[in-house]
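Visitor: I would like to go through this model with you, beginning with the ligands and then turning to the packing of helices. Could you take me through it step by step?

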Amino acid sequence: MTQTALRHDWTLDEIASLFTLPFNDLLFRAHSIHREFHNPNEVQISSLLSIKTGACSEDCGYCSQSAHHKTEIERERLLPLDEVLEKAKIARANGSTRFCMGAAWRNPTDKNLEKVAEMISAVKALGMETCVTLGMLTQSQSEQLKQSGLDYYNHNLDTSPEFYGNVITTRTFQDRLDTLNHIRDSGINICSGGILGMGETSTDRASMLQQLANLAQHPESVPINMLVQIEGTPLYGADSIDPIEFVKSIAVARLLMPKSQVRLSAGRHEMSDEMQALCFFAGANSIFYGEKLLTTENCETNDDMALFNHLGITPSTLDDTSEFKASACSS
Ligand code: SAM
Ligand code: DTB
Ligand code: SF4
């Protein structure tokens, strides 16, 4: 049987019609593609650490760390290297293969970047994959990160270009695409996705996925977050997304980006085991693992392992992921 081809020319109508398929038909199609490209019983796990917290000059309407919103978080300067390494070692001992460090910056200064580059090299030396999310980057900053051993850069489109202005006003959708281009051009894997449940329509969800799928190369990792509602942020109290619609969005992401890791990201804490199981069936094959995301709580690790056992899922090892990378997302 010939392998399903990767496409980069999806129309909005085509994607919208995937969303209107009967649920069973959509899930069957997504799961079939999932099996074609991935081991259906394996999930990759990454751990997160906030290396610089709060006081961010951006006004992202969902975020606890924006200086524009009154939220109850403890601001923290850039963490020292030894503290970061200690957390990375714990994540490694718990089975995470990738360590993702996040900073509440609009963009890093060159001085900040040097310190983060040191962290990346040191985490890489532990035998883990590295990921950072630091805001907007220039081309030369991306290249510096690549040289330090960075494997993935997380930079989300967050939502559709049409809904974007309702969520963020301090930087544009195009700014985000520019950063993604710099990351791609410097040879770092891209982790880019968005957030569902911010009051966007189903067409917005289709449009955001269209933007990701029609990039010249699909992001290697596609985090799909469900909004974690944080008191004091403008999006606190937004209408939450229907769980079935969320699962359908995972299925559509899988259909549009067959080779990518689709990451069931923030919001798992609010999901039932059944909803997570449906997301894994629909094509999600990676998660953030550990009791904290950046500033909010994640699922208990014991509960995650119990769910994995219940579903017969095993966490992937680095050998499995390097096999995936060897067949990278290029087309
Ligand atoms: N400051 C950097 C930036 O915005 O690119 C990096 C950190 S930022 C917290 C990383 C991503 O986390 C955001 O782009 C957003 O998609 C996601 N995120 C932040 N707060 C969230 C929330 N309350 N619920 C769900 N996802 C969230
Ligand atoms: C992503 O898409 N989700 C993660 C990671 N990339 C950096 C962050 C989720 C943050 C959830 C809210 C918080 O803990 O502050
Ligand atoms: Fe700042 Fe990132 Fe939060 Fe936006 S999402 S306010 S850029 S930390």
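This is a predicted model: local features need pLDDT of at least 70, side-chain atom pairs count only at pLDDT 80 or more; totals for chains, interfaces and linings use all residues.

Visitor: Which residue has a backbone N or O atom 3.0 Å from a nitrogen atom of ligand 1?

Guide: Among the 17 residues around ligand 1, those that come nearest are Tyr62, Thr133, Asn156, Asp158 and Val228. Polar contacts are counted within 3.5 Å, and the backbone atom that lies 3.0 Å from a nitrogen atom of ligand 1 belongs to Val228.

Visitor: Which residue places a backbone N or O atom 3.0 Å from an oxygen atom of ligand 2?

Guide: Ligand 2 is surrounded by 13 residues, of which the closest are Asn156, Asn225, Leu294, Thr295 and Thr296. A polar side-chain atom of Asn156 lies 2.8 Å from an oxygen atom of this ligand, and an N or O atom in the side chain of Asn225 is also 2.8 Å from an oxygen atom of ligand 2. The backbone contact, at 3.0 Å, comes from Leu294.

Visitor: How are H1 and H7 oriented to each other, oblique or roughly parallel?

Guide: Helix H1, residues 12-19, and helix H7, residues 202-213, have axes 9 Å apart and pack at an angle of about 125 degrees. Because of that angle, H1 and H7 are classed as oblique.

Visitor: How many charged residues are in the contact of H1 with H7?

Guide: From H1 come Leu12, Ile15, Ala16 and Phe19, which meet residues of H7 including Ser202, Arg205 and Leu209. Sorted by class, the contact has six nonpolar and four polar residues, and the number of charged residues is one.

Visitor: What is the handedness of the crossing in which H9 passes H10, left-handed or right-handed?

Guide: The axes of helix H9, residues 273-282, and helix H10, residues 301-311, come within 11 Å and cross at roughly 60 degrees, and the two helices are therefore oblique to each other. In H9, Asp273, Gln276, Ala277 and Phe280 meet Leu307, Phe308 and Leu311 in H10. The crossing of H9 and H10 is right-handed.

Technical notes: Residues are numbered from 1 along each chain as its sequence is written. Chains are lettered from A and ligands numbered from 1 in the order in which they are written. Side-chain values use heavy atoms; hydrogens and water are left out. Axes are lines fitted to C-alpha atoms, for helices over the stretch in contact, and angles run from 0 to 180 degrees between N-to-C directions. Helices (H or I, at least four residues) and strands (E, at least two) are DSSP runs, numbered from the N terminus. Angles under 35 degrees count as roughly parallel, over 145 as roughly antiparallel, 65 to 115 as roughly perpendicular and the rest as oblique. A crossing is left-handed if the near helix is turned anticlockwise from the far one by less than a right angle, and right-handed if clockwise. Contact means heavy atoms within 4.5 Å. A residue is near a molecule or strand if one of its heavy atoms lies within 4 Å of it. A polar contact is a pair of N or O atoms within 3.5 Å; within protein, one must be able to donate a hydrogen and the other to accept it, and residues adjacent in sequence count only if both atoms are side-chain atoms. Ala, Val, Leu, Ile, Met, Phe, Trp, Tyr, Cys and Pro count as nonpolar, Asp, Glu, Lys and Arg as charged, and the others, Gly among them, as polar.
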